[in-house]
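Subject: Structure handover

Hi,

Here is the structure for your files. My notes follow below it.

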Amino acid sequence: MKRIAILGGGISGLAAAFALEELRRAGSDLEYVLYEASTRLGGVLRTEQIDGCLVEAGPDSFITEKPWATDLCRDLGLADQLIGSNDADRKTYILTNGRLVAMPDGLMFMVPTKILPTGLSPLFSWKAKVRMAKELFHPPRAVDHDESVSAFVERHYGAEMVDRLADPLLSGVYGGEAASLSVRAVLPRFAEMERTHGSLGRAMLAARKKMATGPRKPAPPLFTSLKDGMQSLAEIVVTRLTPASLLMNAPVQALQAEGGTEGWVVSAGMQSDQFDRVIVALPAHAAAKVLRMASPELSAELAAIQYSSSITVGLGYDRGVRESLPPGFGFLVPRSEGKKLLAATFVHNKFPHRAPEDRALLRCFFAAKNAEDIWQLTDEQIVGIVRDELQQILGLCAEPLFARVYKWKSAMAQYGVGHLDRLDRIEGLRNQLPGLALAGNAYRGIGVPDCIRSGREAAKQVAET
């Protein structure tokens, strides 16, 4: 019988365990043990019910376009629990010179595809608009090196586009800054568009034209979630696993490869156990620690992957506040505006079922330096900062009916310039350690679908070798 250890009980580790459980039930001669350092499974997937509102402490949804989370939900029998974002009311604002300005229609991430809405938008200066027009004439360009998103976008559209759109958008996804994130790792499609078309605008228009000639299908919602919250995904996965195989409050101190074999020794607390294969589904900095004895070189490469921390604040308000807030999904705050807050979501608009009709539900977000600067403050002080900035931005003075603060230390992997080259080195070093697989948000995607994909691929890898 093949024995497999899984280190980490976040969604990556749970997805790996579920894939192995499916193989076991189908007749594969294997067993698995999952080690989780904390007292709960699911990692950042955490949901609370407060005053009739469904409050997400971690991610509130996932990108519909990436299929792996939806596929897992269907495999679990949760297809009827999937819900889409209310895209009919989708509108995002950017705080610009102290006031909220709606992102113009036709803006694909940060690439303008409709001339009139962009040309008339007060979001951009005339200088920036002229730069956008000139961008349509960029020739194809093959770049033989990686660069930051900031450098890439500035080359196409100028520094104003970086400040107003690229940096705020990426802060909301990666909790990092465009100046340090790798364009090849974070925006690979854009790098490919530059190679084939030169102009991102022309590439987007060509893609739209191609889609228009195909069969017309209703556009899927941009975001998908679950009726009972994201935590329910982890909870349902756990119910399908063998209870005796789940070890919680069991931090792993070290992994050691058994000399001359493909075996591994997992040391957790005062216990050590032998396994044929190991899946390390931990944050890269934690993976680096447990692999230090097995491969100092691999450990060093993993430790070099940086992480940022984040703070999410959930606030509930009454009907009066709900009626006073602007329509749409929420707003983003460029760093040049001098606020601590990076983004706020109007959850009652994005996912209407998550708040009663007489409630407004807001979700406010801090990350990276903005989060670190307030990390040591009490929850009450952090809520105070949120309320002050919401008053400045929205004119919102009302006392919240409830407020919750959720802190996530070093939870968001930062794909720095050269990240893909580092992954090649990591893969080469991992191949020198037979029976080892890696999974998690440190490698090729930070969102829930990517984590699920990485866990399932790791399970397939160790089961087949």
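Helix 18 gives the most to the lining of the second largest pocket, with 6 residues. Helices here are DSSP runs (H or I, at least four residues), numbered from the N terminus. A pocket is an open set of points on a 1 Å grid over the protein atoms alone, where a 1.4 Å probe fits, with protein on both sides within 12 Å along at least five of seven lines; lining residues have an atom within 4 Å of a point.

This is a predicted model, with residues numbered from 1 along each chain as its sequence is written. Local features need pLDDT of at least 70, side-chain atom pairs count only at pLDDT 80 or more, totals for chains, interfaces and linings use all residues, and side-chain values use heavy atoms, without hydrogens and water.

The pocket

The second largest pocket is lined by 15 residues. Nearest its centre lie Glu427, Leu438, Tyr443, Arg444 and Glu457. Helix 17 (419–430) and helix 18 (448–464) are the elements that each give two or more residues to this lining. By class, the lining has 5 nonpolar (Ala, Val, Leu, Ile, Met, Phe, Trp, Tyr, Cys, Pro), 6 charged (Asp, Glu, Lys, Arg) and 4 polar residues (the others, Gly among them).

The helix pair

The axes of helix 5 (residues 149–157) and helix 8 (residues 188–197) come within 12 Å and cross at roughly 40°. Axes are lines fitted to C-alpha atoms over the stretch in contact, and angles run from 0 to 180 degrees between N-to-C directions. Phe152, Arg155 and His156 in helix 5 meet Phe190, Ala191 and Glu194 in helix 8 (contact: heavy atoms within 4.5 Å). That contact divides into 3 nonpolar, 1 polar and 2 charged residues.

Best wishes
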